[in-house]
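The sequence and structure are shown first.

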Protein chains: 2
Amino acid sequence: MVTQLFWIIPVASIVALVFAWYFFKSMMKSSEGTDKMKEIAQYVRDGAMAYLSRQYKVVGIVFAVLFVILAILAYMGVQNPFVPIAFLTGGFFSGLCGFLGMKTATFASARTAQGASKSLNKGLKVAFRSGAVMGLVVVGFGLLDISLWYLLLTKVVYTAEHMASGFSALGLTFVHAGMDESEKLIEITATMLTFGMGASTQALFARVGGGIYTKAADVGADLVGKVEAGIPEDDPRNPATIADNVGDNVGDVAGMGADLYESYCGSILATAALGAALSVSSGEDMSAKVIAPMLVAAIGILLSILGIFMVRTKEDANAKGLLNSLLIGTGGSSVFILIAIAIMAALNWITWGIFGAVVAGLIAGVIIGQGTEYYTSDGYKPTQGIAKQAQQGPATTIIDGIAVGMYSTWIPVVTIVGGIIAAFGFAGGFNSFGEGVYGIGFAAVGMLSTLGITLATDAFGPIADNAGGNAEMSNLPKEVRERTDALDMLGNTTAATGKGFAIGSAALTAMALMAAYIEEIKIWLKRGLAEGETVLQNSMQFVLDSSTQVGEGVKAVVISEATLKDFTVFYDLSIFNPLLLGGLFIGAMMAFVFCAMTMKAVGRAAGSMVDEVRRQFRDIPGILEGTGKPDFARCVAISTKGAQQEMMLPSLLAIAVPIIVGLVFGVAGVIGLLMGGLTTGFTLAVFLNNSGGAWDNAKKYIEKGNYGGKGSEAHHAGVVGDTVGDPFKDTSGPSLNILIKLMTMVSVVMSGLTVAYALF
Amino acid sequence: MVTQLFWIIPVASIVALVFAWYFFKSMMKSSEGTDKMKEIAQYVRDGAMAYLSRQYKVVGIVFAVLFVILAILAYMGVQNPFVPIAFLTGGFFSGLCGFLGMKTATFASARTAQGASKSLNKGLKVAFRSGAVMGLVVVGFGLLDISLWYLLLTKVVYTAEHMASGFSALGLTFVHAGMDESEKLIEITATMLTFGMGASTQALFARVGGGIYTKAADVGADLVGKVEAGIPEDDPRNPATIADNVGDNVGDVAGMGADLYESYCGSILATAALGAALSVSSGEDMSAKVIAPMLVAAIGILLSILGIFMVRTKEDANAKGLLNSLLIGTGGSSVFILIAIAIMAALNWITWGIFGAVVAGLIAGVIIGQGTEYYTSDGYKPTQGIAKQAQQGPATTIIDGIAVGMYSTWIPVVTIVGGIIAAFGFAGGFNSFGEGVYGIGFAAVGMLSTLGITLATDAFGPIADNAGGNAEMSNLPKEVRERTDALDMLGNTTAATGKGFAIGSAALTAMALMAAYIEEIKIWLKRGLAEGETVLQNSMQFVLDSSTQVGEGVKAVVISEATLKDFTVFYDLSIFNPLLLGGLFIGAMMAFVFCAMTMKAVGRAAGSMVDEVRRQFRDIPGILEGTGKPDFARCVAISTKGAQQEMMLPSLLAIAVPIIVGLVFGVAGVIGLLMGGLTTGFTLAVFLNNSGGAWDNAKKYIEKGNYGGKGSEAHHAGVVGDTVGDPFKDTSGPSLNILIKLMTMVSVVMSGLTVAYALF
């Protein structure tokens with residue numbers, strides 16, 4: 001039954017793209033306002049595009065190098081020959097989403113300001129629907145890429161016998177002739193899975209580069225403009241202002257979009273791969289379990305679009321009213337999806353266990369979002385406590401903010417643990433391990449099924465922020481700025497919960513990918529063993545799949561003495577295997593070292609920006625009086641250059657370490673690395689995000705007039721906290737999502753290499 | 001052969017205690033200086049003892065409660081009846097070491113200042129040999145406790161048949177009659193292992209309470225005295241000065257001593273337990289492998305004493321000369337131990353593999369110490385870089401310091417991973433898992449074999465620091481203060497490397513304890529299965545010991561279908577077991593939450609101190625002119641009370657969480673918890689220690705006249721960094737050592753409960 005519904009998947013993805021196009025067009029029709037507003041918007045647009053084209057150039061080189069490496073590996077026979085191409089398409093679509101989302105955002109900011117000059121509702125609508133373009137483009141292209149590859153591989157490649165001989169003629173290993181249907185299905189999902197590495201790599205550069213860019217500009221603009229020269233935020237006299245506004249777009253729109261594109265595709269593909277492995281062992285209608293996660297995602301898209309149309313507010317709405325209107329959209333989509341999935345279960349398209357797993361994922365997403373809200377919003381004690389500590393100076397502000405961030409880790413960790421165990425258990429994992437991890441995959445798919453609208457609420461934030469900047473620089477009336485401020489505050493709230501959502505979904509996606517990694521390893525082992533040694537194959541099946549049935553009522557595993565040593569040391573996934581344990585330690589360390597690198601990078605890039613802004617204030621006559629014109633472009637160029645230079649080292653580390661660990665410590669070491677990176681990276685990311693968010697809002701709480709208000713000692717300390725928090729919450733913390741997923745993706749793609757050449 | 005050498009062990013421990021007594025007596029003979037010096041020293045002594053007696057009262061209550069709980073568990077049959085008593089002796093000896101070490105330190109400070117007024121060498125000698133009292137008391141009582149219990153259990157309890165019936169008459173389960181020799185040996189080592197929980201609990205309160213005390217006093221003294229009132233450090237007009245000096249003693253002497261007492265005993269006992277399990281399966285001279293780690297420790301003691309006598313310096317020595325004289329002592333001891341162990345291997349008392357493992361541990365300790373030195377000393381780039389960033393204000397100082405600390409984790413992590421794998425491999429772990437973990441235990445024993453002298457160099461620091469405070473408050477001539485400053489700086493260096501040593505040894509000890517935990521679980525499972533169900537026993541043997549030999553050339557494991565479910569879910573130690581994975585996440589979170597709690601605790605306790613110091617400055621007439629007398633005792637009381645109140649919650653958490661996780665998630669969950677706590681806690685502790693150390697030294701580097709020197713903007717920012725670093729390096733970071741070890745110890749002691757009542 002499910003197999004016959006495959007058409008829904010490409011259709012849903014095209015529907016998403018059509019609506020994205022529609023929202024884009026309707027946004028473009030609205031007025032961009034005065035000439036001054038257009039000019040400012042053009043500056044930001046030029047800056048953003050300059051950044052993006054430069055980033056794509058660097059990324060292009062990296063992709064070219066990786067393509068060649070993957071092609072060589074394919075030629076060596078430790079890689080499926082389609083992988084290099086899949087890798088490119090993953091990167092291409094991810095980049096395209098970033099480009100389109102950012103283009104839209106930069107067109108929308110002045111229009112949002114103009115809309116807000118009419119009414120709050122009009123401003124909200126322009127900003128939110130422009131954000132929805134990003135959301136729909138991501139889910140649309142993501143699912144389109146998946147369905148195209150699935151069709152290509154199932155309908156063309158693996159059915160045409162001549163393809164195999166063609167590859168053989170090229171000298172490429174392509175185990176095709178003689179494959180049975182189940183083996184083909186596993187090959188197909190495994191190949192598709194690896195296009196996630198392209199998306200991952202693109203996301204890495206977008207997140208890390210964007211994160212460095214935005215904070216270098218922000219810190220540079222603040223330190224010299226606000227602190228030294230004493231001019232307000234977004235003041236047109238500050239040469240770094242445009243770069244700061246560009247930064248919101250490249251960091252929070254393009255970076256966040258690429259991050260979630262990767263999670264979205266990764267979770268669906270990993271679940272499909274797990275479904276393939278499961279179908280083969282159980283011998284059911286094989287492709288049903290492969291298609292099911294795509295189908296859930298497709299239905300999620302359609303219902304997200306419905307949710308987007310539900311977002312509207314009254315003219316006299318206050319902050320709470322605005323938030324409510326967004327919650328109606330996201331909450332409504334979630335409820336619709338729950339109902340739809342329940343219907344699917346009732347129709348027997350999926351099991352009720354899978355329904356339970358999807359629910360677990362959806363609920364986990366909500367709890368993590370609310371927990372983030374509690375620890376970072378100034379409506380609650382933790383953030384207010386930081387503001388209170390600010391009265392005693394910057395040191396106590398920092399200590400308290402760090403303590404709040406560290407404390408806040410408990411909610412997301414307990415939620416993710418509960419979500420994982422619930423999804424595993426609902427899906428029947430305590431009886432069959434394979435069903436359980438398939439359930440965990442579905443929890444990720446479930447959490448991300450509302451991505452179309454969730455990402456819209458995320459991308460909304462920087463658009464509103466830019467609209468405020470535009471209003472300020474264009475000297476629009478005070479009431480307009482007040483309206484954009486209301487939208488901006490709403491954006492800050494959605495950004496905080498969005499970060500919780502991003503890290504939560506990254507964790508579940510990484511879990512599913514790791515389980516899929518084991519399936520990949522199995523494939524390569526079987527391939528290596530096709531020439532003999534069935535005993536070792538048995539032993540592997542034992543390690544990797546303990547449910548192998550051997551006799552009536554008895555499970556038996558027979559391992560020859562000669563192979564036992566290899567077996568124990570190479571593929572023992574027990575936590576006491578010292579190679580796995582070593583990986584675990586290195587994974588924990590990687591999270592810290594990666595953060596250290598990105599923080600240092602922000603520091604250096606911000607330093608160049610500080611120097612440049614100081615230079616302009618000194619050298620350009622009349623700049624502070626408003627008669628001289630600041631050189632915005634130069635600041636944009638400095639941030640761009642800084643971001644490009646600084647993102648290389650951490651990025652290469654994230655790609656190289658899993659390969660090195662795989663070659664030295666083998667499969668067990670890789671699993672340890674990924675688990676260590678996941679558990680420590682997740683906790684560390686929550687800590688950094690929430691400390692940063694709490695400091696930001698503690699400062700704003702003081703600015704509202706508490707503990708002396710603006711200009712007081714407490715405010716001064718609060719600004720220090722906020723500045724420390726900037727790289728925490730906008731560079732290092734979010735970059736950890738990518739580190740976790742990319743290391744897993746690289747491991748998946750390099751599994752053939754690991755099996756063939758690992759030292760241990 | 002080795003068995004007949006057992007006498008060396010108690011003899012070595014008594015020799016250590018005799019030398020401790022000798023060093024104490026010879027220190028007491030030297031003059032305590034002027035009446036003023038004696039008065040100041042008396043204040044510090046009174047404060048320290050007041051704190052200690054109060055702490056022991058609180059700890060006494062906790063011990064009484066835990067004793068009752070353990071006794072109930074013993075009565076329920078899920079605990080060996082000797083465990084409650086062993087628990088008390090462990091706590092008692094640990095407390096005694098803290099008491100004696102601190103008593104010595106508080107007697108030594110004025111004498112060190114007096115010695116320094118004669119010559120640098122005399123000052124060094126008094127301080128160092130007083131530190132050696134602490135070192136020798138810890139190793140002496142540690143090994144004495146171990147050998148007494150071993151003799152009692154082997155010679156009396158497990159040989160006298162009537163003991164068993166006596167216990168049975170009391171209604172206690174005591175599986176004794178009919179035990180064969182190997183089972184007795186395992187019971188003996190397992191029982192002894194649990195006295196480590198007493199030491200752990202004592203250490204927890206000493207470290208956490210001491211850490212909170214010392215930083216509350218320090219921050220309070222600095223914030224009001226140095227920053228607000230503008231009077232120098234250690235000024236007698238500051239009412240918190242005495243509390244600050246007391247804090248050095250309770251935190252750095254008693255806290256560090258209890259921490260390492262626990263590691264010392266834990267590593268020896270865990271290795272002995274692993275040796276027992278190994279001997280039984282291999283059927284050799286059974287007690288040889290149990291005694292071997294104690295023997296290595298005993299020889300280490302004797303050679304450490306030799307090293308202590310090698311520490312002396314020339315009269316005109318500079319800072320480098322002083323450091324060299326200490327290095328000759330510690331390095332000399334290490335070399336002697338290496339030679340001695342090589343001779344043991346040559347005599348076939350231990351294998352060459354074990355020799356390799358000991359070498360790995362010793363070298364790992366040295367590398368971690370040197371790595372710490374690089375990242376925290378102002379002679380190298382990282383710390384100098386922080387000082388440079390301080391020019392741009394406190395925010396960049398904090399960001400850079402955090403980045404340096406996070407970056408610095410790579411050396412200790414890579415070293416520990418290398419050490420674990422090397423020790424495992426040398427000892428033959430790639431052929432036999434049991435031999436491998438026995439080797440890891442020996443790496444811990446090897447690292448700690450020089451503890452007698454290493455701890456002396458640690459305890460030396462606070463003594464020199466207090467001597468400086470005494471000299472300042474007693475208005476001794478400038479040259480005396482210069483000499484004590486030279487000693488103090490040396491103490492800062494040894495403190496930093498000492499912290500690295502403490503966390504490194506904690507990691508290896510925890511590893512060995514975890515392996516021993518598995519042995520404990522085996523014992524309880526076997527006991528539960530004595531009544532039947534051999535099939536399940538087989539399955540367990542498979543999970544827990546994959547080397548079970550079943551047939552010629554073939555290893556087979558047979559599990560009945562009925563028990564498979566239990567088997568997979570309950571005792572699957574694969575990292576993909578969701579219960580284990582859940583534990584892993586919770587362990588990572590525990591490290592962060594525990595840090596958050598201890599940081600918040602320092603903040604609150606420091607807040608009370610700030611209020612009190614401000615009150616005294618306001619209410620006591622003439623206090624700032626030097627005519628009024630500050631109320632030192634009240635500040636001491638406030639710090640004491642704050643520390644006692646604040647240490648309860650994190651301490652209870654550390655004890656309760658492993659029990660709860662065990663009861664809910666079972667054995668796999670506990671293993672995950674411990675591994676997650678170990679890997680994340682280790683990395684986090686290194687980050688916190690090194691960030692704190694680097695900030696401290698960056699501030700001092702600025703004070704030397706760099707970047708504007710004292711009073712400059714950079715200095716102001718440096719002080720903020722130093723204040724943030726205080727709870728990092730002296731409270732939260734070091735407390736993580738205890739968290740890691742205590743959670744493991746609690747799990748070991750509660751293993752019977754977990755096996756009997758776990759939900760999953």
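## Salt bridges

A salt bridge is taken here as a side-chain nitrogen of Lys or Arg within 4 Å of a carboxyl oxygen of Asp or Glu. By this rule, B:Lys215 and B:Asp218 form a salt bridge, with their closest N and O atoms 2.8 Å apart. The model is a predicted one, and its count over all chains comes to 53 salt bridges.

B:Lys215 and B:Asp218 are both buried. Because they stand 3 residues apart in helix H7 (residues 195-229) of chain B, about one helical turn separates them.

## Pairs in helix H22

In chain A, the salt bridge between A:Lys729 and A:Asp726 has its closest N and O atoms 3.1 Å apart. Both residues belong to helix H22 (residues 713-749) of chain A, where they are 3 residues apart, about one turn of the helix. A:Lys729 and A:Asp726 are both buried. They also take part in a network of salt bridges whose members include A:Lys215, A:Asp218, A:Lys499 and A:Asp696.

In chain B, B:Asp726 and B:Lys729 are joined by a salt bridge of 3.1 Å, N to O. These two residues lie in helix H22 (residues 713-749) of chain B, 3 residues apart, and both are buried.

## Cysteines

Over all chains, the structure holds 0 disulfides. B:Cys97 is in no disulfide, and the nearest cysteine sulfur is that of B:Cys265, 8.0 Å away. A disulfide requires sulfur atoms within 2.5 Å, so the sulfur of B:Cys265, at 8.0 Å from that of B:Cys97, is too far for a bond.

B:Cys97 counts as buried because its relative accessibility is 1%. B:Cys265 likewise counts as buried, at 1% relative accessibility.

Key
Residues are numbered from 1 along each chain as its sequence is written. Chains are lettered from A and ligands numbered from 1 in the order in which they are written. This is a predicted model: local features need pLDDT of at least 70, side-chain atom pairs count only at pLDDT 80 or more; totals for chains, interfaces and linings use all residues. Side-chain values use heavy atoms; hydrogens and water are left out. Buried means under 20% relative accessible area, exposed over 50%, partly exposed in between (1.4 Å probe, protein chains only). Helices (H or I, at least four residues) and strands (E, at least two) are DSSP runs, numbered from the N terminus.
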